[in-house]
Amino acid sequence: GEGSNKVTIRQNKWFCQYALVGGDAIAFVRKWYNLNFPEAVTFLLKEQNAAIPEPIEKTERRKKEKKPFALPPAHSDMRRVYGYLLNQRYIDRAVISFFACHNMLYEDDKYHNAVFVGYDENGVARHGHKRSTYSDSDFKGNVDSSQPEYSFHWIGGSDKLYVFEAPVDMLSYITLHPEGWQKHNYVALCCAGMQAAAYQAQQNTHIREVVVCTDYDEAGTEAYYRIKEALVENDRITVRREHSRFKDWNEDIRAQHGLTPIAGCEHPRIECMRELCGQILAGSLPTCPAKPLEELRKKVETLAGTPAGNQQEIQEQACALSRLALSFCRQRMRQLDIVWQPEKLINRIMKPYLPHRDHIGYLNRVRDIEDCMQGIFRQFGGDRIYTESELKQEMSQTLDLALHCLRLHTFLELQTPEQ
């Protein structure tokens, strides 16, 4: 999986900060050795002095069970698929017919699911995504052994690639933006991670811009950041976000038809952090002390030494740290003749934030603050005269310190009792 697999172990309990999972010895063996419950119990009951076997690789087990890719047989007509997409999803008939005529959409014979087909560069079907057409079912899933990089997509030749979570989202967007849609490129991720977006963007060298159109909610926002991060090293491509007015593009269509749509929402942590940062900048910042880095370091040490249970005190300290860091940056900006613009400053502070990588606990957040402060002091804590470029770098790292403080405050503000 993504990120770090470092595990904290205390007595007979363990916890993975990145994946936010943990448990007892049986849960540990089940996760890290890929065993089911009986196998995990058997493993733990073996002779205590026996050598620990190598973990069973998930891929090896899957190889034995893997079925050859085969699309489900087609029904004689597409009556239920048309009925579902037209009458329940309000997709334009011409859009449905276009994909049906290109053999990219059909109705399966056994269950009457809508099947969305993805082809490789040679026109060979490599992926199938099934969606129930029954009003009382939300079933969806991929055909066994589908290759995720070839999930449902259309390559029209323009320099834009539009990315969606599901085929219905993609067809909904096209319905809402019909003019010349065939010339653009579209891909639906189909519950298969980011592979399809990255693959299509990299394979089709005419693509210069990836437009992430995932759902307007927390998960959709994090998907945007994942895709952006996956393509960050590709100098040819820029990535931007375009979200629906309501939760997703089909909810926008429903609203046009007079139905009550499901509301969309900003990412709660991003929204909370931006609001807090705005409040701090709108208030009065403290006077910058004669030795700001010394004062910042003292405040970081105080925060790190405060018991984790003192939530309100920690939040107040995090805000005080942010205010002092921003006061120092304001002084540096005056010295460098940079105009103080609060809204631009908020955008700069939030720019490096990656919400999909921010599923960590309290101690790691405090450690991030300490590490950032140590880095600043190590590089800029001397008495020598610094160049303009170095002062800008110092200011940038101090803004990152403010961001880490905002992250800690927001984590405590939004955490549930279980956290």
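Predicted model: local features only at pLDDT ≥ 70, side-chain atom pairs only at ≥ 80, totals over all residues.
Start with the overall picture. The protein has 419 residues, and buried ones make up 44% of them. Its secondary structure comes to 15 helices and 12 strands. Looking at contacts with a separation of 6 or more, 66% of them link residues 24 or more positions apart.

On to the helix pairs. Two packed helices are described by the angle between their axes and the distance between the axes. Take H14 (residues 362-380) and H15 (residues 388-414): these two pack at about 165°, and their axes sit 9 Å apart. With that angle, H14 is roughly antiparallel to H15, since anything over 145 degrees is put in that class. The crossing of H14 past H15 is left-handed. As for what lines the contact of H14 with H15, the residues split into 12 nonpolar, 6 polar and 6 charged.

H15 has another packing partner in H12 (311-335). Here the angle is about 160° and the axes are 9 Å apart, which makes H12 roughly antiparallel to H15. H12 also passes H15 in a left-handed crossing. The contact of H12 with H15 is made up of 17 nonpolar, 5 polar and 3 charged residues.

H12 packs against H11 (residues 292-305) as well, at an angle of about 165° and with the axes 10 Å apart. H11 and H12 are therefore roughly antiparallel to each other, and H11 crosses H12 in the left-handed sense. On the H11 side the contact uses Pro292, Leu293, Glu295, Leu296, Lys299, Val300, Thr302 and Leu303; facing them in H12 are Ile314, Gln317, Ala318, Leu321, Leu324, Ala325 and Phe328. Sorted by class, that contact of H11 with H12 holds 11 nonpolar, 2 polar and 2 charged residues.

Thr302, one of the H11 residues in this contact, counts as partly exposed because its relative accessibility is 45%. The C-alpha atoms of Thr302 and Ile314 are separated by 9.4 Å, with the two residues 12 apart along the chain.

Cys288 belongs to the loop between H10 and H11. At 16% relative accessibility, Cys288 counts as buried, the cut-off being under 20%. Neighbours within four places in sequence aside, Cys288 is in contact with Ser327, Phe328 and Gln331. Leu324 lies 36 residues away from Cys288 along the chain, yet their C-alpha atoms are separated by 7.0 Å. Phe328 and Leu324 also take part in the contact of H11 with H12.

Next come the cores. The largest nonpolar core has 39 residues, and the members that touch the most others are Val163, Val210, Ile227, Leu231, Leu326 and Ile349. At least two residues of this core come from each of strand E9 (160-164), helix H7 (195-203), strand E11 (209-212), helix H8 (218-230), helix H10 (268-282), H12, helix H13 (342-350) and H15. H10 gives the most, with 6 residues. Leaving out residues up to four places away in sequence, Ile227 touches Val163, Leu189, Met194, Ala197, Val210 and Val212. Apart from this core lies another, of 33 residues, with Leu85, Val95, Tyr173 and Tyr186 among them.

Tyr173 turns up again in helix H6 (residues 167-176). In H6, 9 of the 10 residues are buried, so this helix is largely enclosed by the rest of the structure. The buried residues are Pro167, Val168, Asp169, Met170, Leu171, Ser172, Tyr173, Ile174 and Thr175.

Finally, the backbone. Most residues other than glycine have a negative phi. Asn103, which is not a glycine, has a positive phi of about 55°. Asn103 lies in the loop between helix H5 (93-101) and strand E4 (105-107), and it is exposed, with a relative accessible area of 51%. His112 also has a positive phi, near 65°. The loop holding His112 runs between E4 and strand E5 (114-119). At 12% relative accessibility, His112 counts as buried.

Notes
Residues numbered from 1 in each chain as written. Heavy atoms only, no water. Axes fitted to C-alpha atoms, helices over the stretch in contact; angles between N-to-C directions. Helix = DSSP H or I, 4+ residues; strand = E, 2+ residues; numbered from the N terminus. Parallel < 35°, antiparallel > 145°, perpendicular 65-115°, else oblique. Left-handed = near helix turned anticlockwise from the far one by under 90°. Nonpolar A, V, L, I, M, F, W, Y, C, P; charged D, E, K, R; others polar. Core = buried A, V, L, I, M, F, W, Y, C linked by side-chain atoms within 4.5 Å. Buried < 20%, exposed > 50% of the residue type's maximum accessible area, 1.4 Å probe, protein only. Contact = heavy atoms within 4.5 Å.
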